[in-house]
Amino acid sequence: GAPVSQGCVGAGTGATVGSVKGGVGTASVVLDSGITVAALVVANAAGAAVDPETGVLYGELFQGRVDYPQEQVHEAARARLAEIAAKSAPPPLNTTLAVVATDADLSKAQAQKLAGTAHDGIARALRPVHLLNDGDTVFALATGERPLDAGHPL
């Protein structure tokens, strides 16, 4: 029932994503069906989360929510990213950890599908993803408190 600390705290202390700070992040949503889905992620990846050409988060690019800035904004973003990259060495080992939880009554196969879909979200947000020095893992859990409607599962 208490708020979860986010940012460079706990497992997120010292975390990086490419050449920028990583850390702990959370999100949740209540679906029209009344089912709650929540996620907690510790982002610590060798891949980048920011497009070096635009300075825009990859996750935003894939959501179709980006109005591309003028060319001078692109140049400023490229310069900032190059400056950050020059100051830091690539990390030797990284891992992004996530847990996705729901109050839905999921079978083992459905929970596995939920975890796999969440893993796809990591692939949309990072470039490159699933590198040999990344140990990306997503866990899914379901409390089973809310039954799924067979005609409209979620």
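View 1. A nonpolar core is a set of buried Ala, Val, Leu, Ile, Met, Phe, Trp, Tyr and Cys residues joined through side-chain atoms within 4.5 Å, where buried means under 20% relative accessible area with a 1.4 Å probe, protein chains only. Welcome to a predicted model, in which local features need pLDDT of at least 70, side-chain atom pairs count only at pLDDT 80 or more, and totals for chains, interfaces and linings use all residues. Residues are numbered from 1 along each chain as its sequence is written, and side-chain values use heavy atoms, leaving out hydrogens and water. The largest nonpolar core has 9 residues: Val17, Ala45, Ala49, Ala98, Val100, Ala115, Ile122, Leu126 and Val138. E5 and H3 are the elements that give two or more residues to this core; helices (H or I, at least four residues) and strands (E, at least two) are DSSP runs, numbered from the N terminus.

**View 2. Around Ala45.** Contact means heavy atoms within 4.5 Å. Beyond its neighbours within four places in sequence, Ala45 is in contact with residues including Val17, Asn94, Leu126 and Asp134.

**View 3. Pro128 in its loop.** Look for Pro128 in the loop between H3 and strand E6 (137-146). Is Pro128 buried, partly exposed or exposed? Pro128 counts as partly exposed because its relative accessibility is 46%, and partly exposed lies between under 20% (buried) and over 50% (exposed). Leaving aside neighbours within four places in sequence, Pro128 is in contact with Gly47 and Ala48. Pro128 and Gly18 are 110 residues apart along the chain, and 9.5 Å separates their C-alpha atoms.
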